[in-house]
Amino acid sequence: MERIEALINYYTTHDEDIRLSTRRGSVEFLTTVHYIERYLKHGMRLLEIGAGTGRYSHYFARNGYSVDAVELMECNIDVFKQNTKDGESITIQQGDAIDLSNIVSDKYDITLLLGPMYHLYNENDKLSALSEAIRVTKKDGIIFVAYCNNDISVYHFGFLRQGFKGGEYDHLIDFETFKLDSTPKEVFTLYRKKEIDELMSHFKAERLHYVGSDMLTRFIAGSVDEMDDDTFEMYMRFHFCICEREDMVGASNHMLDIFRKL
C-alpha cells in the first residue's frame, strides 16, 4: 500500500503527459520507438504494461496496430482515455505489473514494460513484473523493459543537486560503491547493468539489445531544447551511433533492455 500511495502522490502532482513530448524527452521516445519498429510486422498485437498517459500506446494504435494497455494510476488512465482518437484499435484497463492474472499467457507479439521497473522496491516484485511480461508474450515475441540508471543519478542527485550533503539520505547510500537504494518515498528505483543481468538470469530469454535510451541528454537538456531541426537530426544520428556502445551505454539516464522470449 505504501508503494501505491507514493505513486498516487507523485503522478497526481507531475505532468506525465508532457514528459516525452518536449524535445529533450523526445530522445527517449524516438529511441524506444526506433527499436520497437525494428521488430514490428503487420498484424502484430502489442501490450503496454504501465502505459502512463499512453504516448507509446497511442502512437502505435494510430499507426495501425492493435494495442492493449494496463495502467495502475487512475489519473493517468483518465488522460489516456482523453487522448484516444476515433479509429484507434486500443483498450485500457487498470492493473498492476506484478499481477496480470486476468491476461492469458502467450497472447502478445510485443510487450512493453517501460515504466513499472522504476517503481518496484524488492526483488520479488521485480521478478514478478518481468515474469508476467514474459508470460503474456508469445514464444519468440519481443519484450522491451526500461530502467533508471543508478550512476547517472549519482551525478545528478548527489553532486548537481547536492543530495549527499546534510545526511538526510545517508541510509540509502553506500559511500564505498555509490549504489543508491530507494523506498517508495524516493519514488524511483535505480539499477546497474549487473543487477539487470541478475534479474534476467531467472528467465529463458535472449538479449537482443541493451540501449542507453537518452544518454546524456538530461545534462544538456537546455541545449537540446534549443536545437533547430537540422541540429537535432544530427544529434539523433550521433545518439544512435553511441547508444549501444559498451563504452558509452552506462552514460544514460534511462536504459532499455530488449530481449526475445525463448
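In which hand does α3 pass α4 in their crossing? Here are my notes, with that answer in point 2.

1. First, some ground rules. This is a predicted model, so to speak: local features need pLDDT of at least 70, side-chain atom pairs count only at pLDDT 80 or more, and totals for chains, interfaces and linings use all residues. Residues are numbered from 1 along each chain as its sequence is written, and side-chain values use heavy atoms, with hydrogens and water left out.

2. Start with α3 and α4. Helices here are DSSP runs of H or I with at least four residues, strands are runs of E with at least two, and both are numbered from the N terminus. Helix α4 covers residues 55-62, and α3 packs on α4 at an angle of about 45°, their axes 11 Å apart. That makes the pair oblique, the label left over once angles under 35 degrees (roughly parallel), over 145 (roughly antiparallel) and 65 to 115 (roughly perpendicular) are taken out. The axes are lines fitted to C-alpha atoms over the stretch in contact, and angles run from 0 to 180 degrees between N-to-C directions. As for the opening question, α3 passes α4 in a right-handed crossing, meaning that the near helix is turned clockwise from the far one by less than a right angle.

3. Who touches whom there? On the α3 side you'll find Glu28, Phe29, Thr32, Val33, Ile36 and Glu37, and they meet Arg55, Tyr56, Tyr59 and Phe60 of α4. Contact means heavy atoms within 4.5 Å. Sorted by class, this contact has six nonpolar, one polar and three charged residues. Ala, Val, Leu, Ile, Met, Phe, Trp, Tyr, Cys and Pro count as nonpolar, Asp, Glu, Lys and Arg as charged, and the others, Gly among them, as polar.

4. Now look at α3 (residues 23-37) with α10 (residues 229-242): they pack at about 50°, with axes 11 Å apart. These two are therefore oblique as well, and their crossing is right-handed. Residues making the contact include Leu30 and His34 of α3, and Phe232 and Met236 of α10. The class count is seven nonpolar, four polar and two charged.

5. A search of the whole structure turns up one cavity of 30 Å³ or more. On a 1 Å grid over the protein atoms alone, a cavity is a set of points where a 1.4 Å probe fits but cannot get out; a pocket is an open set with protein on both sides within 12 Å along at least five of seven lines, and lining residues have an atom within 4 Å of a point. The largest cavity holds about 50 Å³, a volume being the space filled by probe spheres set on the points, which are joined across faces, edges and corners. Glu28, Thr32 and Tyr56 are among its lining residues, and you met those three in the contact of α3 with α4. Strand β10 (254-261) gives the most to the lining of this cavity, with three residues.

6. The second largest pocket has a volume of about 180 Å³. Its lining has 14 residues, with Lys126, Lys179, Thr189, Leu190 and Glu195 nearest the centre. Helix α8 supplies the largest share, three residues. The lining divides into six nonpolar, two polar and six charged.

7. Last, check Phe203, in the loop between α8 and β9. Leaving aside residues up to four places away in sequence, Phe203 touches Leu127, Leu130, Ser131 and Ile134.
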